[in-house]
Amino acid sequence: MLIPVLIFSLARYIDNQNESDIHWIEKSVSYGDIQKIILPDGTSVWLNAGSTIVYPDSFNSDVRQVFFDGEAYFDVCKGSSPFQVNTKGNLVKVMGTSFNLKAYRDDPNIDLSLFEGSVAFVPKTASESGPFEVVLSPGEYISYECESGKISHGCFSADDFSLWRQGGLYFKNKTLGEIVRQLERKYNVTIVITSPELKELRYHMAFVNNESIEQILDFIDQDSKIDIIRHGNIVELF
């Protein structure tokens, strides 16, 4: 089933359209998987684990609009109409561009990184307070805090946002709480952190050799600060 916020955004969009014969397609990727799809205009989208995208079977002449939850790398075909990604009520506007968008519904932030072309990020607060958007150049990223509306802006290296497409993992100054969410999606496991202090531990590490979940957990515990117990697909950290 579509998540409620995605349904709500899609319903509002359809209500504003004149076309009554739009047919929508939903693609979802299960935990532990990565999938590439091609949109009707030829745009390529690599979907990370736990992601969902909704798009029409054909785009109209005014705008190419898709609805998205999760993480994906978009390689957008150039066209006469703008391409827009609606996620959590926020908007990413592009023409012909390659970018990575991470916007899982249970993550506090939206991360947008631009590889080629140009994109504009329009937070949902813009419609409440007036016109506002952040325009990125290649090599730049933003991290948007959904609750506070704060935006961090900087530069990135390719590994920061592209390694996942080759099956790898890259964590740059990430908390254990953030890391755990990504491990759950990639390995289809449930990880429980019993201590709030552990969730705030920060790590900088990369995995590029198809490491197993056991190998990654062993690496995290190399300083013996964490006890780990695994029962099938449930892992407890304390």
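**Chatting through the model**

Colleague: Hi! Where does G167 lie?

Modeller: G167 is in the loop between α3 (158-162) and β14. Helices (H or I, at least four residues) and strands (E, at least two) are DSSP runs, numbered from the N terminus. Bear in mind that this is a predicted model, where local features need pLDDT of at least 70, side-chain atom pairs count only at pLDDT 80 or more, and totals for chains, interfaces and linings use all residues. Residues are numbered from 1 along each chain as its sequence is written, and side-chain values use heavy atoms, with hydrogens and water left out.

Colleague: Thanks. Is G167 buried or exposed?

Modeller: Buried, because its relative accessible area is 17%. The cut-offs are under 20% relative accessible area for buried, over 50% for exposed and partly exposed in between (1.4 Å probe, protein chains only).

Colleague: And what does G167 touch?

Modeller: Leaving out residues up to four places away in sequence, G167 touches K186 and N210. Contact here means heavy atoms within 4.5 Å. The C-alpha atoms of G167 and N209 are separated by 8.4 Å, although the two are 42 residues apart along the chain.

Colleague: New topic: which residues touch the most other members of the largest nonpolar core?

Modeller: F74 and F99, in a core of 29 residues. Strand β5 (residues 64-75) gives the largest share of this core, four residues. Apart from it lies another core, of 20 residues, among them V180, L183, M205 and I226. A nonpolar core is a set of buried Ala, Val, Leu, Ile, Met, Phe, Trp, Tyr and Cys residues joined through side-chain atoms within 4.5 Å.

Colleague: How many residues of β8 are buried?

Modeller: Six of the six residues of strand β8 (residues 98-103), so β8 is largely enclosed by the rest of the structure. S98, N100 and K102 point one way, while F99, L101 and A103 point the other.

Colleague: Which way do β5 and β8 run, parallel or antiparallel?

Modeller: Antiparallel, joined by six bridges; A72 stands opposite L101. Strands pair if DSSP finds at least two bridges between them. β8 also forms a hairpin with β9, with five residues between them, and there the bridge partner of F99 is L114.

Colleague: Last one: what is the strand order in the open sheet of three?

Modeller: β15-β18-β17, with mixed pairing. β15 (190-193) and β17 stand at the edges, each with a single partner strand, so one side of each is left without a neighbour in the sheet. β15 and β18 run parallel, joined by four bridges, and I191 stands opposite V235 in β18.
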